[in-house]
Amino acid sequence: MELLFISLVCLTSIILTTYFNRTILTPLGVFAILWMIISLFSYIHLYGLYETETRSYLLIALGLFGFSLGCGIARPITVKRNANTHSYHIRTEIVEILICLSILFYAYLLYRIYIDLGSIDLYSIQRYNRTMDIESLISSSSIRLFGSFIAGPVSSLAPIVVIALFFTEGIKSRSIVETALLLTIKMLATGSRSTLLFLFMYGIIAYNINKNVEKVYKVKRIKKGISLKLLAVLVLGIVLFVAMTLSRNMQVWRSLYLDLAIPPIMFQKWSDSVTGYSFGQASLGGFFFIILYPVQLLLRLPLMPLGFQEVYDLVNSTVSDWIIVGSGVPANAYVSLFWYFYADLGVFGVFLGSLLFGMWCNWCYLSYLNNKGSFELSLCLLMFSTIVLSFVRLQFTLPNYALMIVLLVFVFYGRGSKQGNTSSSRQLTTR
């Protein structure tokens with residue numbers, strides 16, 4: 001019965017968003033399809049996965065309803081920016097400098113790993129990164145701080161901005177190659193395939209959004225931006241992705257099923273650990289951290305403020321602590337975004353948090369449809385990543401994600417008059 005209830009909420013959301021937007025590739029459409037699949041996989045509980053209680057399914061349904069309602073509320077409050085007065089422009093030089101500095105950081109990290117391992121083997125690097133901490137490799141606190149506050153968010157944000165520019169204004173091939181080099185070195189240094197997966201996802205979403213918005217797609221602009229260098233980078237990325245996949249030596253389908261099936265039961269088990277409400281500290285932990293952590297360093301405090309430290313430790317324990325969710329199925333993380341809302345305000349928090357999250361997601365989406373700028377598309381792609389990863393966690397809890405938003409709004413882009421931005425826009429156009 002609970003699965004039927006969730007399916008009805010999801011199907012209703014899909015029908016409504018398709019009717020109003022003429023496409024299913026909207027925040028509400030993607031979110032509803034994802035959680036309908038997750039609920040189905042959880043309900044059939046294969047590979048010895050334990051059953052999830054009805055209460056947890058009902059809370060998820062409440063969250064889905066709140067998200068749908070939030071998307072509906074966002075429609076009338078999204079306005080079109082006045083392009084004749086102010087617009088966003090990319091700060092090309094600053095972005096390229098940050099990308100180059102991030103390349104140097106990950107190259108140095110890869111070099112330190114090579115010194116420790118004696119070779120660069122993808123499988124060995126993956127195992128190495130699971131057991132070792134970056135502090136054991138990089139003794140300098142300033143370099144570690146740069147990696148956490150600059151290189152990490154820049155390497156995640158750069159492909160979003162490059163793709164957004166590519167589909168809206170055009171971009172120099174030099175910036176594409178620099179970004180591709182950064183992603184390649186980062187994949188080698190961390191052994192993670194997620195960077196490449198999200199690069200493809202951003203490209204697919206940007207392509208389809210532009211295709212649906214403009215009706216007649218501007219193929220000439222895309223062809224003009226593609227070069228042999230970009231094709232070579234694409235081939236290299238595919239080779240690296242396949243090599244990393246084969247080197248993991250795991251049952252791919254079992255792993256994929258469990259990744260999508262365990263969030264409801266993880267949400268259930270970790271909800272029992274919530275003894276008091278955090279009133280937003282759990283959901284917005286990433287933003288609190290990037291403010292409090294520098295203060296802690298400057299004042300040389302041993303811990304964060306007491307209330308935040310308790311919430312911070314609880315959130316971290318969902319990642320560090322492994323619990324049994326099935327016969328021979330240990331798991332960590334994957335508590336879903338609904339758990340953070342529950343930690344904030346309990347049952348009411350699941351509804352309110354989902355509603356506000358839905359408002360923000362649809363506002364980002366409609367903002368791009370109305371303004372069609374690279375800044376709006378960058379924010380839209382960043383938003384879609386939060387939806388795709390909503391079965392793992394709420395991305396606002398990660399300092400890296402909070403820094404990505406800060407960099408996007410205050411560093412990568414600037415606001416100025418339309419006349420003042422003309423020269424900056426021309427510099428980015430592919431020649």
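**Leu 199 and beyond**

Tutor: Leu 199 counts as partly exposed, at 24% relative accessibility; that class lies between buried, under 20% relative accessible area, and exposed, over 50% (1.4 Å probe, protein chains only). This is a predicted model: local features need pLDDT of at least 70, side-chain atom pairs count only at pLDDT 80 or more, and totals for chains, interfaces and linings use all residues. Residues are numbered from 1 along each chain as its sequence is written, and side-chain values use heavy atoms, with hydrogens and water left out.

Student: Where is the place of Leu 199?

Tutor: In helix H9, residues 194-214; helices are DSSP runs of H or I, at least four residues, numbered from the N terminus.

Student: And what is Leu 199 in contact with, leaving aside its neighbours within four places in sequence?

Tutor: Pro 159, Ile 163 and Leu 183, where contact means heavy atoms within 4.5 Å.

Student: Switching to Ser 42: buried or exposed?

Tutor: Ser 42 is buried, with a relative accessible area of 1%. Ser 42 is found in helix H2, and its side chain joins that of Thr 52 in a polar contact of 3.4 Å. A polar contact is a pair of N or O atoms within 3.5 Å; within protein, one must be able to donate a hydrogen and the other to accept it, and residues adjacent in sequence count only if both atoms are side-chain atoms.

Student: What about Ile 44?

Tutor: Ile 44 is also in H2 (residues 27-44), but is partly exposed at 37% relative accessible area.

Definitions and conventions:
Helix = DSSP H or I, 4+ residues; strand = E, 2+ residues; numbered from the N terminus.
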